[in-house]
Amino acid sequence: MISVILGLQFGDEGKGKITDFISRDYDDVVRFNGGSNAGHTVVINGEKFKFHLVPSGAMQSKMVILGNGMVIDPEELVSEIDLLKKSKKDIEIKISAGAHIVTKMHKCLDKREEAVRSKLNIGTTSQGIGPTYEDKYARTGIRLIDLSNKEIISNKIETIFNMKRELLKGSIYESPEERKKMVEDLFSYGNLILKYMDYTENIIYNDYRCGKNILFEGAQGGMLDIDFGIYPFVTSSNTLAGAMSTGSGFSFRKVDRVIGVFKAYTSKVGSGPFPSEIINDSTLRDLGSEYGTTTGRPRRVGWLDLPLLKYTTMVNDVDSLAITKVDVLGQLKTIKVVTKYTIDGNEIDYFPRRLEDFEKLRVEYREFPGWGSIKNQDSILSGGYEELPENMRKFLEFIEEEIGKSIDIVSLGEDRKMTITKQIFN
Ligand code: GDP
Ligand code: IMO
Ligand code: MG
């Protein structure tokens, strides 16, 4: 079985939790995009693990692979691997030789680019993600494989510095000694992480040929995709299913199933249009503890948005849906779901691309009664879907009808065990 799992909203849908849950059925879990802008939470019997770079399947699969589509902060990677090895000594970790490296200079550039954007700032995670992808596409980027050669690192650092000199004015990177120190640091990190480096496209292909089950894990969410998200308020990589191929070197033609994860409501970190946003009421944010895993920033919160979900389901060609945080949403007396987008009173049948369209956009809602807190937890977990509260089932069935896909996984709490499936995966 070859599957892809990804987020269908603005990130933080609970992909980490669902990836961990289903990864018991997979030998390898491969991350194909993003970097430590991602924050993925996995909770196992009350113990919390936060992954930023390492795939969230790490606690159950045999091997985790960080693909060439990723941008890797070596310092973060080393500390994450150290933590992981404490809980799971036998895990195999492989990192693509072609993955790009985030340096401290990229993080500085991230902040400075935001300052230049002024009012159009994105509210990035300041993890250096955008500038590292910029260098990748400018063909000046530092790849993992380069960390074995000090001269190559130094030449690339100088080229990047020269290209971005204006932006780096007044920063410590103007000093040649600082840049030299950065080269030394990167080389030292290379000594620590190059043992994980491999030509991972070969490993994935060989494992596929041996009949192994492989899960490809996307970071962020459809609405943060550089092409299909709400540009420019997006991340700098493709987050959609198609990116699994370019970000790993494994063909999309072999994919059996695309699993789309969405939250029972919507949350967003950073600036930009948010059609279903709830303004001036923090009830749902507080109930759902909606604060960033990476940045700690309060997340913006809104209702479930079906036009948005239909769009990301389409562009990802999702087969199977997983919903999270229904336990949180159900605590509200009345729940709203956005069913339509209108502009000048007319329903629109496309997802807008013009920022001005979002200003004119109005949404229509349908209301549902809540289902309260989950009381008969044990009977639900053993009895499955049929045991879910009636109001919750009506809500889920409405979504399935509107989206035209089955919700096969329902998450009722942060812990791995708080999960029910409609059909057995694999
Ligand atoms: P990701 O980026 O998509 O992996 O999501 P994050 O981990 O950044 O954010 C999701 C948050 O919701 C985490 O704190 C999870 O532990 C938590 N979570 C996931 N699923 C559920 C659920 O069904 N119910 C509740 N209450 N919390 C959940
Ligand atoms: P996971 O994988 C939520 C958002 C940032 C910002 C925009 C660009 O945990 O779902 P970047 O640092 O990528 O240049 O920021 O994208 N963003 C995320 N929001 N979850 C994420 O990852 C995100 N990764 C980036 O908040 O608005
Ligand atoms: Mg997250």
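## Exercise 1: A strand and its neighbours

Ser 320, Ala 322 and Thr 324 point one way from β15, while Leu 321 and Ile 323 point the other way, and all are buried (under 20% relative accessible area, where over 50% is exposed and anything in between is partly exposed, using a 1.4 Å probe and protein chains only). This is a predicted model, in which local features need pLDDT of at least 70 and side-chain atom pairs count only at pLDDT 80 or more, while totals for chains, interfaces and linings use all residues. Residues are numbered from 1 along each chain as its sequence is written, chains are lettered from A and ligands numbered from 1 in the order in which they are written, and side-chain values use heavy atoms, with hydrogens and water left out.

**Task.** Find which strands pair with β15, and in which sense.

**Solution.** 
- Step 1: Strand β15 covers residues 320-324, and five of its five residues are buried. Helices (H or I, at least four residues) and strands (E, at least two) are DSSP runs, numbered from the N terminus.
- Step 2: Recall that in a regular strand the side chains alternate between the two faces of the sheet.
- Step 3: β11 and β15 run parallel and are joined by five bridges; two strands pair if DSSP finds at least two bridges between them. Here Gly 260 stands opposite Leu 321.
- Step 4: β15 also pairs in the parallel sense with β19 (residues 406-411), over four bridges. Ile 323 has Val 410 as its bridge partner in β19.

## Exercise 2: Rings that meet

**Task.** Describe how Phe 216 and Phe 250 are arranged, and then Trp 371 and Phe 395.

**Solution.** 
- Step 1: The whole structure holds ten aromatic pairs. Rings of Phe, Tyr and Trp (its six-membered ring) pair if their centres lie within 6.5 Å; planes under 30 degrees apart count as stacked, over 60 as edge-to-face and the rest as tilted.
- Step 2: Phe 216 and Phe 250 are stacked, at 5.6 Å centre to centre with 15° between the planes. Phe 216 lies in strand β10 and Phe 250 in the loop between α8 and β11, so this pair ties together parts that are 34 residues apart in sequence.
- Step 3: Both Phe 216 and Phe 250 are buried. The rings of Trp 371 and Phe 395 have centres 5.1 Å apart and planes at 45°, so that pair is tilted.
- Step 4: Trp 371 is buried at 9% relative accessible area, and Phe 395 is buried at 0%.
- Step 5: Ring pairs also link Tyr 205, Tyr 208, Phe 216 and Phe 250 into a cluster.

## Exercise 3: The magnesium ion

**Task.** Which residues coordinate the magnesium ion (ligand 3)?

**Solution.** 
- Step 1: Donors are N, O and S atoms within 2.8 Å of the metal (3.2 Å for Na, K and Ca); water is not among the atoms, so sites may look incomplete.
- Step 2: Asp 12 (OD) and Gly 39 (O) coordinate the magnesium ion, at 2.0 to 2.2 Å. Asp 12 is in the loop between β1 and α1 and Gly 39 in the loop between β2 and β3, so the two tie together parts that are 27 residues apart in sequence.
- Step 3: Asp 12 counts as partly exposed at 21% relative accessibility, whereas Gly 39 counts as buried at 10%.
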